[in-house]
Amino acid sequence: MAYKDGIIAADTLCCWGGIRVWQTKKIIIGQDGVVAAAAGASSDCYAFEKWIKGGRIGELLKFSESFEGLWFLPSGEIFGGDEAGAHDIPADVKYLAIGCGAKFAQGAMAAGASAAKAVQLCIKNHDGCGGEVQTAVLKEVFQNINQASAEAGLGPINRASGKVGLING
């Protein structure tokens with residue numbers, strides 16, 4: 001997974017025990033407008049996806065050392081999670097990557113590649129990456145969530161908490 005200029009990109013390959021087994025979406029959109037991505041053990045990624053889609057209720061789960069996750073709030077805050085727990089990531093980070101191709105993707109983005117191009121290069125050159133390139137433009141996702149909330153009679157996303165508020169009155 002790679003992030004640069006407000007865009008998240010990920011491959012779609014899922015491996016189990018080092019064997020390529022299926023394609024999956026690695027970019028997750030939570031009910032409260034949070035956009036996330038995960039890499040590592042499939043069981044950890046599945047638990048992380050449930051935590052994100054469930055509104056991040058409770059503490060971040062304990063993961064194996066192979067797990068890495070990132071989540072982006074509509075407020076602009078970025079968080080990472082791994083076997084050590086959750087941590088803040090500076091919002092002004094220019095680019096970052098997680099997963100088995102992270103070093104390759106970081107180098108590609110440092111040399112000027114977009115997040116999507118970096119993932120495409122990982123798919124081509126790293127045996128742990130594969131499938132298609134999946135992307136999400138954070139600004140568009142956050143706008144679409146706000147629009148859907150308004151159409152449902154809900155208020156916009158609270159930028160501080162990432163929660164959708166009810167319209168008063």
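A salt bridge here is a side-chain nitrogen of Lys or Arg within 4 Å of a carboxyl oxygen of Asp or Glu. Keep that cut-off in mind while we walk through this predicted model, where local features need pLDDT of at least 70, side-chain atom pairs count only at pLDDT 80 or more, and totals for chains, interfaces and linings use all residues. Residues are numbered from 1 along each chain as its sequence is written, and side-chain values use heavy atoms, with hydrogens and water left out.

Lys4 sits in strand β1, residues 2–4 (strands are DSSP runs of E, at least two residues, and helices are runs of H or I, at least four, both numbered from the N terminus). Lys4 is buried but makes no salt bridge; buried means under 20% relative accessible area, exposed over 50%, and partly exposed in between, with a 1.4 Å probe and protein chains only. The nearest side chain of opposite charge belongs to Asp5, 4.9 Å away (Lys and Arg count as positive, Asp and Glu as negative, while His and the chain ends are not counted).

So what does the side chain of Lys4 reach at 2.9 Å? It is the backbone oxygen of Ala113. Leaving aside neighbours within four places in sequence, Lys4 is also in contact (heavy atoms within 4.5 Å) with residues including Lys94, Tyr95, Met109 and Gly112.

Now for the charges that do pair up. Side chains of opposite charge can pair when their charged atoms come close, and the structure holds 3 salt bridges.

One joins Asp11 to Lys26, with the closest N and O atoms 2.7 Å apart. Asp11 lies in the loop between β2 (7–10) and β3 (13–16), and Lys26 in the loop between β4 (19–23) and β5 (27–29), so the pair ties together parts that are 15 residues apart in sequence. Asp11 is buried at 6% relative accessible area, and Lys26 counts as buried at 17%.

Another salt bridge brings Asp32 and Arg56 together at 2.4 Å, N to O. This pair links distant parts of the chain, 24 residues apart: Asp32 is in the loop between β5 and β6 (35–39), and Arg56 is in the loop between α1 (42–53) and β7 (68–72). Asp32 is buried at 4%, and Arg56 is buried at 16%.

The salt bridge between Lys53 and Glu49 has an N to O distance of 2.8 Å. Lys53 and Glu49 are 4 residues apart in helix α1, which means about one helical turn separates them. Lys53 counts as partly exposed at 41%, and Glu49 is partly exposed at 25%.

Notes. A polar contact is a pair of N or O atoms within 3.5 Å; within protein, one must be able to donate a hydrogen and the other to accept it, and residues adjacent in sequence count only if both atoms are side-chain atoms.
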